[in-house]
Amino acid sequence: GLLVLICDVAKGMFGVYLGQLASQAGIGTPADQIYLMIAGGLLAIIGHSCSIFLKFKGGKGVAVTIAILLLLDNHLLAISFWSVLLAFLCSKRLVMAVVALCITYPLAMFFYGYRMETVIVAGLLACLIIVLHRSSFRKEVKVEDDYRAEYQNLGKNIAYYRAQKNL
């Protein structure tokens with residue numbers, strides 16, 4: 001649980017740090033530092049989600065992504081946190097909170113005046129996270145269908161019991 005979360009966060013931070021080191025080592029211009037940091041973080045997410053050690057299967061990359069977003073701009077992450085909290089409290093589903101993060105972070109970047117290339121990369125990253133959560137969406141729909149079917153069966157059982165009682 002907690003140890004895995006700490007390792008995933010460290011993995012994302014390490015990717016961003018490697019991008020920053022590459023920039024300081026003279027790769028690209030100082031203006032390209034943010035892109036190298038994003039590239040390092042993106043490689044950490046891809047490595048986490050498609051690990052060669054796990055036959056190209058892995059995690060969904062949320063903890064790694066949050067670590068990267070925290071290092072890139074913690075103010076935007078704080079703004080997105082409120083949408084995540086609201087989505088979770090309204091839906092009671094963690095997958096909806098992840099979707100809220102994926103939507104609000106690129107939007108916040110756009111409205112705060114980030115360069116369009118950076119916003120596009122953030123949007124693509126958000127799309128990647130949503131695609132990686134396909135199985136979670138399917139599980140949520142299946143659970144919702146199971147609850148609906150169980151509720152309908154309960155209604156039928158109550159009606160049957162009442163019919164039997166009136167006989």
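The second largest cavity first. Its volume is about 80 Å³. Bear in mind that this is a predicted model.

Who lines this second cavity? The residues are T65, L69, L101, C102, Y105, P106, A122, L125, A126 and I129. Helix 3, helix 5 and helix 6 each give two or more residues to that lining. By class, the lining has nine nonpolar residues, one polar and no charged.

Now the largest cavity. It holds about 130 Å³ of space. How many residues line the largest cavity? The count is 15, and I38, L69, L72, M109 and A122 lie nearest its centre. Four helices each supply at least two lining residues: helix 2 (33-49), helix 3 (62-72), helix 5 and helix 6 (116-132). In total, the model has two cavities of 30 Å³ or more.

On to helix packing. Helix 4 covers residues 74-91, and helix 5 covers residues 94-111. How are these two helices arranged? Their axes are 8 Å apart, at an angle of about 150°. Angles over 145 degrees count as roughly antiparallel, so helix 4 and helix 5 are roughly antiparallel to each other. Their crossing is right-handed.

Which residues make the contact? From helix 4, they are L76, L77, S80, S83, V84, A87, F88 and S91. From helix 5, they are L94, M96, A97, A100, L101, T104, Y105, A108 and M109. That contact has 13 nonpolar residues, four polar and no charged.

One last link. M109 is in the helix 4 and helix 5 contact, and M109 is also among the residues nearest the centre of the largest cavity. L101 and Y105 are in that contact too, and both line the second largest cavity.

Note on methods:
Residues numbered from 1 in each chain as written. Predicted model: local features only at pLDDT ≥ 70, side-chain atom pairs only at ≥ 80, totals over all residues. Heavy atoms only, no water. Axes fitted to C-alpha atoms, helices over the stretch in contact; angles between N-to-C directions. Parallel < 35°, antiparallel > 145°, perpendicular 65-115°, else oblique. Left-handed = near helix turned anticlockwise from the far one by under 90°. Contact = heavy atoms within 4.5 Å. Nonpolar A, V, L, I, M, F, W, Y, C, P; charged D, E, K, R; others polar. 1 Å grid on protein atoms, 1.4 Å probe; cavity = no way out; pocket = protein on both sides within 12 Å on 5 of 7 lines; lining within 4 Å. Points joined across faces, edges and corners; volume = space filled by probe spheres on them.
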